[in-house]
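The sequence and structure are shown below.

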Amino acid sequence: MFVSHSDLWSMTRTTTGLCLRSDPRRPGGISGAPHWVKVRPRALYGVASEKKKSPIFTGDELHYVSVPNSDWTLALWRYLPSPQSQGRPRRNHPLLLLSGVATNAIGYDLSPQSSFARYMSSQGFDTWILEVRGAGLSTYRMDFGKVKQPLDAMRDSSVEHGMDGIFPSGFLEARQNSAIISQIRDVSQMLVNIVEKGQLPVPEQFLDLQGRFFTRLEEFQKQLDLILKYDWDFDHYLEEDVPAAMEYIRTYCKPKDGKLLAIGHSMGGILLYAMLSRCCSEGRNFGFTSIATLGSSLDYTTSKSSLKLLLPLADPAKALNVPVIPIGALLSAAHPLASRPPYFLSWLSSQVSAQGMKHPKLLDKLVLNNFCTVPAKLLLQLATAFQEGGLRDRSGTFFYKDYLRKSNVPVLALAGDQDLICPPEAVYETAKLISEDFVAYKVFGEPGGPHYGHYDLVGGRMVADQVYPCIIEFLNRNDVI
């Protein structure tokens, strides 16, 4: 359980990762933030320094797993089966949760009253949330003393960011820095224009989106060295990050058949579909006993997805060789204009949640803390999901949906009736490719309400009564050895 006061974390080093966990001798609580203190680790990793109080982490244990042939260390938030689950049948498999593009673990655990992860742990599942490279608490060149947090963490005042440790002094000249920021500004201005497109003229004092955004952008100048390391694409997540996390969880939890249950929201579900397809094409073991996807598809060509608004960014980003597109900074700057009177950008809120489905404070927390910077390479590859044949690998020759028909892993594909990012027709476009013996497809939302937007499938007002029981029934049916 998440502890509300100072805790002593014990540290356990395995061959692939690091575990930080609350002292079980301490009494538990829900509110407040712990004061994390690292102690001397075992093995050859030196003395760990004290870590300042952080309100970010809300899980029971924080694990770190290194990615082979990479300088990135991924964060795994673990939620232990809660006392509420006592008396339920013992679960056979750990549960892995994958988040959407440019998001962190917070979307799965917004508050004690709105927590997908906590609900799953209350049902007896050993639940793990993966934060891929560049997201949340995942770190670059972790050395216990000079950890580089991803760019989205800069919005949290409790995180300190130094400039040393990545490139030798003088590696980046001032003119090079200026050129990179200028390129990012050019593409970012296009993004601002997209957001403002179609809006009626409004008084300048109400709509200073460009000024708000470029204030955020100044923060990036402090982290240019890290920006230049944002050079990965979707295939890096698929081939390196997710397999590393799965292997760590398997080693740690030791399921008898070596398999995991998995749930993916948005890009998280796309990753699960792509893994099934890759395994089918190569004749490899899937590693999953079943998967559930929430608002996910490999092919958006038949839908009216609002993500098409971002497609104009793809070619300019490629032509200018821009390393990142700071979508998180834009959303943070635009959110006050979308969520408060006179609501000039109210259409942005509907991209996240259907009207009335999220408490305003939780919506604020989601938008201001859940989104981060997007590597341009990632956006460019995901843009192929809007082209004929759907999402393809970085070479452009492998279409991820081509082999799904061969999969025999049970799949639950859920859609929201007012999901503007991944509409029901997009979810069905992928679900229909799987043998009907192994797929269940369901749309949540009723003509008279309630309605479900993109994030409402994870944490909307009605999920505990409507969505979660559907997922639990599916997991129960497939949590067998």
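In this predicted model, the buried residues of helix α5 are Phe-234, Asp-235, His-236, Tyr-237, Leu-238, Asp-241, Val-242, Ala-244, Ala-245, Met-246, Tyr-248 and Ile-249. A kink of about 30° is located at Asp-241, shortly before Pro-243. Lys-254, which follows α5, has a positive phi near 55°.

Strand β4 (residues 72-79) has eight of its eight residues buried. Trp-72, Leu-74, Leu-76 and Arg-78 cover one side, while Thr-73, Ala-75, Trp-77 and Tyr-79 lie on the other.

| Strand paired with β4 | Bridges | Bridge partners |
|---|---|---|
| β3 (residues 61-66) | six | Glu-61 and Arg-78 |
| β8 (residues 127-131) | five | Ala-75 and Glu-131 |
| β9 (residues 139-140) | two | Trp-72 and Tyr-140 |

Five residues separate β3 from β4 in a hairpin, and Asn-69 in the turn has a positive phi of about 60°.

The largest nonpolar core contains 61 residues, of which Leu-130, Phe-234, Phe-288 and Ile-291 touch the most other members. Helix α6 (residues 267-282) gives the most to this core, with 10 residues. Apart from it lies another core of 38 residues, including Ala-75, Ile-129, Leu-294 and Cys-470.

How values were computed:
Residues are numbered from 1 along each chain as its sequence is written. This is a predicted model: local features need pLDDT of at least 70, side-chain atom pairs count only at pLDDT 80 or more; totals for chains, interfaces and linings use all residues. Side-chain values use heavy atoms; hydrogens and water are left out. A nonpolar core is a set of buried Ala, Val, Leu, Ile, Met, Phe, Trp, Tyr and Cys residues joined through side-chain atoms within 4.5 Å. Buried means under 20% relative accessible area, exposed over 50%, partly exposed in between (1.4 Å probe, protein chains only). Helices (H or I, at least four residues) and strands (E, at least two) are DSSP runs, numbered from the N terminus. The bend at a residue is the angle between axes fitted to the seven residues ending there and the seven starting there. Two strands pair if DSSP finds at least two bridges between them.
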